Structures are given as C-alpha cells and as structure tokens.
Amino acid sequence: MALKELKILIVEDDPVFRQIVTSFLTSRGAFVTQADDGVAGLNQFKNQRFDVVIADLSMPKLNGLAMLKAMNKHRPEVPSIIISGNQTMSDVVDALRHGASDYLVKPVPDLYLIENAIIECLPSSMEDSLQIDETESLSYLELNQNLEILEQSEQAAKSVQQQLFPPSRIEYPKAKIDYSLFNTNEVSAHFIDTALLDETHIMMYMAHFYPHDNRAAFASVLLKSFVNHQLKQYRNQLSTVIIQPFEMLSYLNDRMTKSGLDIYVDMSYVVIDLNLQQAAIAQAGSEFRCYLRNDEGLTPLALADSLQLGVLDWGHPSVQHRSLKAGDKLCILTNVSEHKLQLLNDQFHGLIHDTTSAAGGYIQLALESAE
C-alpha cells in the first residue's frame, strides 16, 4: 500500500467528505486522525506527531489558513496540503506564500489525486522508504479543474498571478532587489520571485512561460509551489537543492515535465552567498541575459543557451559562479535593448501593464555598499 504507516491529520468540517477521504487513505495504509474545525485540528497537531496535514481553508472557529500558520510556527517541517473551493483562490495563494506544499480544489473527482498530492509533498527520504513510483508522484487535479477555470476567465488568471508578485523593492540585510516587468496582456508571460533563504543566502529568479496564454497564471502558481517545497526542505535541514542552481533547475524541470501542463519555461536562477560574496547562476532557455553592474556599466556573464524547462530530454543548464564585492549589482534582463536602457536609468516600477513596451523586463540585486 502506497501510504503504509503514514500518520495523516485531516481537518475538515464537512463530515461526509472527511469520512470519505479518511476511509480512502486508511485503505491505502495510512493512519488517519480527524478533526472537524481549526481549533480541534491545532490541538491534535500539538499533541501528536504527523507526517502530513490535509486541511480545508473554510472552517468554523479557526480557518484553515490561520491554523496552518500556527502549525508552521509549532512544527514547520510537517508538509501541508490545502483544500479550497474556487471562491477562495486568494487564500490559496496566501497559503502557498506561507509554505503550503500543494492545494486541491473541491469537489475532488478522484481520491487517488489526494494520494498523489501527499506523495509529492513528502521528503525524498520518506518517498524512498515508501518505494513510490515517480511517474505517479504529482497531483493532476489542478489540470482537470483549476486550469480550466483560469483558461475560461482572463480576469481570474490575472488576479491569481498578480498576488504572487513581490513589491517593486525588496530589502534584505546586506542587499536589496528591484525590478520592472512590462506586461502587454492581462496575464504576464514573465514571472519573478525572491526569498531570503537564511542569514547568508538570497535566491532570486526570473521565468518566462511559453506559450503565452492564461496557463501562464497557473504555471506561476505551480512554479511558486515547487520552489516553496524546496525552501521548506532547506529551512528544515532536509535538502540543499534550493541553494544549488544546477540541482534546482534539474528539480524544476523534472516537476514541470511531470505536471502535464504542456508549457515550457525559460529561467535564470541565482543564489547569493552573502558571507562569501559569491553568486551561483544557472540558466535554462534563451530568453534572459545575466549581467554584473558596477560603476563601469554592465558586464555580460557568459552563460550559454540551453533547453527550456519542461522538455523531457532536457540537457544540463548553463551554470556560472561569480565573485562579487560591495556595491556590485547582479541583473537578469530579457534580451530587449530598451530594457537595458531602462535598467541603466534605474527605472524600477514592479509589475506594470504597458502595451507600448516590449514584454519582459529586468530584476537587479544590489549588494550593500561598504560604510
């Protein structure tokens, strides 16, 4: 049985759905504990150890998002899967921001999708012990329901995607990040993300989705959830993939390929070690160029083109390591001359809708200058 001896907490106020899921997971070998509201779920979580939490977002007494935030403070290494109705997409995005590993949309047409979502969020060591078939390790529910919703509603897709973008300036200890992305359609084909991984490492990336349609919004959510998974693994000392650009792009390619989304991704992915003042950069596809910026201008970094993410027979990404010094700025740009000029003029606006500019943009990480 695929979930043999896994300890799962399900927090769901609908008794019929809760019992159906519990019976299924039990038949698959799991030990399941039930709770009917957020307060009861949090109490169970504090009193027992679980491998996975499955939670509804809309519950009495304490909603699922507040409960998951409290659980994350108490025991952050435990992965969580959220269940949501279509009307709470903003809460889904918020839960992903706070480290949720996956989400499912009600009604669930196939209970094996829940099993796949559980397997996907497990640490690799547990997957190995369960002898999981990797070809079945990704939940496809989003492709059957959520993707259909976003494809039908451009405004819904736009709203979901825009909630994932950071503010135009992100300030970290010893560094700051600014960006501009010019979007010519309601849904952006380009996406950026950044995170302070720990006291010494900063991550940022810029991605481009092809083809450019409403699926780009869902691809943004999917990509964010994959990165969140590795971030949580790293912070709980279970994996170092997220600070190794080569390994990270290899992981993302594997997940995007198995997603069934049929979308391809150009990406430049950067990790800065603030103590060593070194940058590790990996690139897939040909949409972006990386530069080192200082008082002398922009110096291109030699990163060869490689295949986009999402290709089954994907080759190795192009990788480079670069030493930095105080005052240096590391930039990722789309290969558009006007974007380079705007960057040099320090025109940072965040995500903006501008049909007069070429789609794309730039992101810049600036190290703190010496006193």
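How many bridges join strand E1 to strand E3, and which residues does each strand span? Select residues 7–11 for E1 and residues 52–56 for E3: four bridges join these strands, which run parallel. Keep in mind as you look around that this is a predicted model.

Now zoom in on one pair.

You will find an open sheet of five strands, paired in parallel in the order E2-E1-E3-E4-E5. Colour residues 31–35 and 102–105 to see the edge strands, E2 and E5, each of which pairs on one side only. Ignoring direction, neighbouring strands here are turned by 20° against each other on average.

Then select residues 15–27, which form helix H1. This helix lies across E1, E2, E3 and strand E4 (80–84), and runs at about 170° to E2.

Time to move to the nonpolar cores. The largest one has 87 residues, and the residues with the most contacts inside it are Tyr-205, Phe-209, Leu-249, Leu-252, Met-267, Tyr-269 and Ile-272.

Centre the view on Leu-252. Which residues is Leu-252 in contact with, leaving aside its neighbours within four places in sequence? They are Leu-223, Phe-226, Val-227, Met-267 and Leu-309.

For a last stop, select Leu-6, Val-21, Ala-30 and Ala-117. These are among the 21 residues of another core, which lies apart from the largest one.

Methods
Residues numbered from 1 in each chain as written. Predicted model: local features only at pLDDT ≥ 70, side-chain atom pairs only at ≥ 80, totals over all residues. Heavy atoms only, no water. Pairing = 2+ DSSP bridges. Helix = DSSP H or I, 4+ residues; strand = E, 2+ residues; numbered from the N terminus. Axes fitted to C-alpha atoms, helices over the stretch in contact; angles between N-to-C directions. Contact = heavy atoms within 4.5 Å. Core = buried A, V, L, I, M, F, W, Y, C linked by side-chain atoms within 4.5 Å. Buried < 20%, exposed > 50% of the residue type's maximum accessible area, 1.4 Å probe, protein only.
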